[in-house]
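Please look over the notes below alongside the model.

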Amino acid sequence: MTKHSKSDNQGLVLANEDHRVRTGAVRRESTRRKLLSAAVEVFAAKGPDAASIDDFLAAAGVARGTFYNYFKTTSELLDAVTSELSDEVIARIEVCVGAIDNPIERVLTGCLLYTQVAIKHPAWGAFITRTGIRGGASGRLTDVYLPRDLARAREQGIAQFTNVRAARDLLIGAIRQSVETVLSGAASAEHPREVMQLALAALRVARPTIRQLNEKPLPEIEVPDGLKSLEASSRAHAG
């Protein structure tokens, strides 16, 4: 009969505890992702103000106590969705446009990539058009990246406008409305590109520059893991 030493038994106990910890962490992350995915769908359908905790419980299939283990309020859940999913999207876009020298090309490419992701992932696209491009990483989009590149484009004489904030608002409105138009079925997926051409013309970017930029293909962007989870959840609910 094989005898185990005290150190062997301790090692077995630690291994079992480690397994339980890892399993618990995976389960908690899975539940949190389920809540975030449900939140996207509920906020997209009802908006940020009309949604109730009961709506999220029904959509995620979890108990009220489970919800409160992760979020204290619906506003906190909205902030988490906006921040975490937008963080992933904006980070991937910034990597794609970071190597582009022309600031107005960065603006156009970043805006088009954002609309592309929203259209390819309609649950998230509906979420951002209903709740607005706000909070978290979207704050970096509207308050850091766009103003930065718009100001540089103006300084370099590539665009001519008087107010960076007004230019930023013009582009944010173009992103949101063009995504909503495509998702409603009223226009094709090329619609955002046409809208952005008009926006650049309003910023007094030279027509030859707009034509040249419009002919360039968009860089490939890897789909963030958070949107993959959301897409899988949406398909499961649809089935």
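1. R168 is buried, at a relative accessible area of 10%. Buried means under 20% relative accessible area, exposed over 50%, and partly exposed in between (1.4 Å probe, protein chains only). The partner of R168 in a salt bridge is D169, with the closest N and O atoms 2.6 Å apart. D169 is partly exposed, its relative accessible area being 39%. A salt bridge here is a side-chain nitrogen of Lys or Arg within 4 Å of a carboxyl oxygen of Asp or Glu.

2. On the source: this is a predicted model, where local features need pLDDT of at least 70, side-chain atom pairs count only at pLDDT 80 or more, and totals for chains, interfaces and linings use all residues. Residues are numbered from 1 along each chain as its sequence is written, and side-chain values use heavy atoms, with hydrogens and water left out.

3. How many salt bridges does a search of the whole structure find? The search finds 10. R106 and D149 form one, with their closest N and O atoms 2.9 Å apart. R106 lies in helix α5 and D149 in helix α7 (residues 136-155), so this pair ties together parts that are 43 residues apart in sequence. Helices are DSSP runs (H or I, at least four residues), numbered from the N terminus. R106 is buried at 9% relative accessibility. D149 is buried too, at 4%.

4. The R106 and D149 pair belongs to a network. Salt bridges link E94, R106, R148 and D149.

5. E105 and K216 also meet through their side chains in a salt bridge (3.2 Å, N to O). E105 sits in helix α5 (residues 103-120) and K216 in the loop between α10 and α11 (225-238), so the pair ties together parts 111 residues apart in sequence. E105 is buried, at 14% relative accessibility. K216 is partly exposed, with a relative accessible area of 36%.

6. Now the helix pair. Helix α9 (residues 191-202) packs against helix α10 (residues 207-214) at an angle of about 155 degrees, with the axes 10 Å apart. Axes are lines fitted to C-alpha atoms over the stretch in contact, and angles run from 0 to 180 degrees between N-to-C directions. That makes α9 roughly antiparallel to α10 (angles over 145 degrees).

7. Which residues make the contact? From α9 come R193, Q197, L200 and A201; from α10 come I210, L213 and N214. Contact means heavy atoms within 4.5 Å. The contact residues divide into four nonpolar, two polar and one charged.

Key. Helices (H or I, at least four residues) and strands (E, at least two) are DSSP runs, numbered from the N terminus. Angles under 35 degrees count as roughly parallel, over 145 as roughly antiparallel, 65 to 115 as roughly perpendicular and the rest as oblique. Ala, Val, Leu, Ile, Met, Phe, Trp, Tyr, Cys and Pro count as nonpolar, Asp, Glu, Lys and Arg as charged, and the others, Gly among them, as polar.
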